[in-house]
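Please work through the exercises below with the sequence and the structure at hand. Each task is followed by a worked solution.

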Amino acid sequence: MDRDRRQSFYKLIACFSLISILYSLVNNFLVDPGAETFLSHKTGLVRELKPQIWLTVMYIHVGFACVAMASGLINFSTRSYTKYPRFHRVNGYVYISSVLFVVLTSGYLAPYATGGKVSSIGFNLLNILWLFVTVTALVHILRRRVLQHRRWMIRSYAFCFTNMLIHLLTFVFHEMIGIEYVTSYTIGLYGSIVLLIIAPEVLFRVEKPIGIDPHKG
Ligand code: HEM
């Protein structure tokens, strides 16, 4: 990918990230701070859900998710790692710590997931995947493999769009196709996992023919 196309692509991703951060903050802290709409779909849970604890954990989850989205976005900017390498490193650890908090809180939320056991398994799978991909990105840079680090960070960052994509797919299946909400949510979850794994690979295939050597770095 040449410089101009790369910059345009970065701007596009920046737009998605900012929309996702704004949507998460406005929807969860202003529009529906008690998550009443979301919780109304939780029927027939095997474990008893304590709303106050669930809400507190969800707020922490959303807060760190937003920090992960913002810090990750900043670190993909070329200026961050060429001009300010020390900032890039510190901000990178902010990103990894935020991912860790999102995954930890997700571990609490998963057993109560909309859609029951099938959704819980999906979320736990996501937890393992996201941790594995993020740690792999870190290991690559500790071994000075810049290109591999960049690729695994792109794979990791894709998971920041999990929530937005789940809601988008749920909307399509529920509102547009007419499938029951809970089923749509579960389909949305698994659909998101697949799309978030595939999207970075498609990106690498697009940039490969334009002259970037994947074995370098
Ligand atoms: C990074 C961007 C993310 C944001 C902004 C985010 C935000 C949220 C929000 C707002 C909720 C509350 C329910 C809703 O309105 O959807 C939620 C629920 C949840 N999130 Fe995340 N999340 C993100 C990523 C993830 C990831 C990567 C995982 C798994 C590794 C995860 C696991 C969960 C679980 C298990 C729930 C509970 C779902 C349920 O009760 O049905 N989230 N998330």
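Predicted model: local features only at pLDDT ≥ 70, side-chain atom pairs only at ≥ 80, totals over all residues.

Residues are numbered from 1 along each chain as its sequence is written.

**Exercise 1. Describe how α6 and α7 pack.**

Step 1. Helices (H or I, at least four residues) and strands (E, at least two) are DSSP runs, numbered from the N terminus. Helix α6 covers residues 116-142 and helix α7 residues 146-158.

Step 2. The angle between α6 and α7 is about 160 degrees, and their axes are 8 Å apart. Axes are lines fitted to C-alpha atoms, for helices over the stretch in contact, and angles run from 0 to 180 degrees between N-to-C directions.

Step 3. α6 and α7 are therefore roughly antiparallel (under 35 degrees is roughly parallel, over 145 roughly antiparallel, 65 to 115 roughly perpendicular, the rest oblique).

Step 4. On the α6 side, the contact includes Trp130, Val133 and His140; on the α7 side, it includes Trp152, Met153 and Arg155. Contact requires C-beta atoms, placed from the backbone, to lie within 7 Å. By class, the residues of this contact are six nonpolar, six polar and one charged (Ala, Val, Leu, Ile, Met, Phe, Trp, Tyr, Cys and Pro count as nonpolar, Asp, Glu, Lys and Arg as charged, and the others, Gly among them, as polar).

**Exercise 2. Describe how α5 packs against α6.**

Step 1. Helix α5 spans residues 85-109, and its angle with α6 is about 165 degrees, with the axes 10 Å apart. α5 is therefore roughly antiparallel to α6.

Step 2. Among the residues that make the contact are Ile96, Val99 and Val103 of α5, together with Phe123, Trp130 and Leu138 of α6. The contact of α5 with α6 has seven nonpolar, four polar and no charged residues.

**Exercise 3. State how α8 and α9 are oriented to each other.**

Step 1. The axes of α8 and helix α9 (residues 181-207) come within 7 Å and cross at roughly 130 degrees. α8 and α9 are therefore oblique to each other.

Step 2. Residues of α8 such as Leu165, Leu169 and Phe173 are among those that meet α9, where the partners include Tyr185, Leu189 and Leu195. The contact of α8 with α9 has ten nonpolar, seven polar and no charged residues.

**Exercise 4. Which residues come nearest to the ligand?**

Step 1. Of the 26 residues around the ligand, Ala65, Ser106, Leu109, Thr114 and Asn163 come nearest (a residue is near if its C-beta atom, placed from the backbone, lies within 6 Å).

Step 2. Two or more residues of the shell come from each of α1 (3-31), α3 (51-76), α5, α6 and α8 (162-176). The largest share, six residues, belongs to α3.

Step 3. The shell has 17 nonpolar, nine polar and no charged residues.

**Exercise 5. Where does UniProt place the feature "transmembrane region"?**

Step 1. The unreviewed UniProt entry places this feature at residues 12-31, 51-78, 90-109, 121-142, 154-173 and 185-204.

Step 2. Residues 185-204 are 100% helix and 0% strand, with end C-alpha atoms 29 Å apart.

Terms used
Contact = placed C-beta atoms within 7 Å. UniProt positions renumbered as here; feature names shortened; annotations may be inferred.
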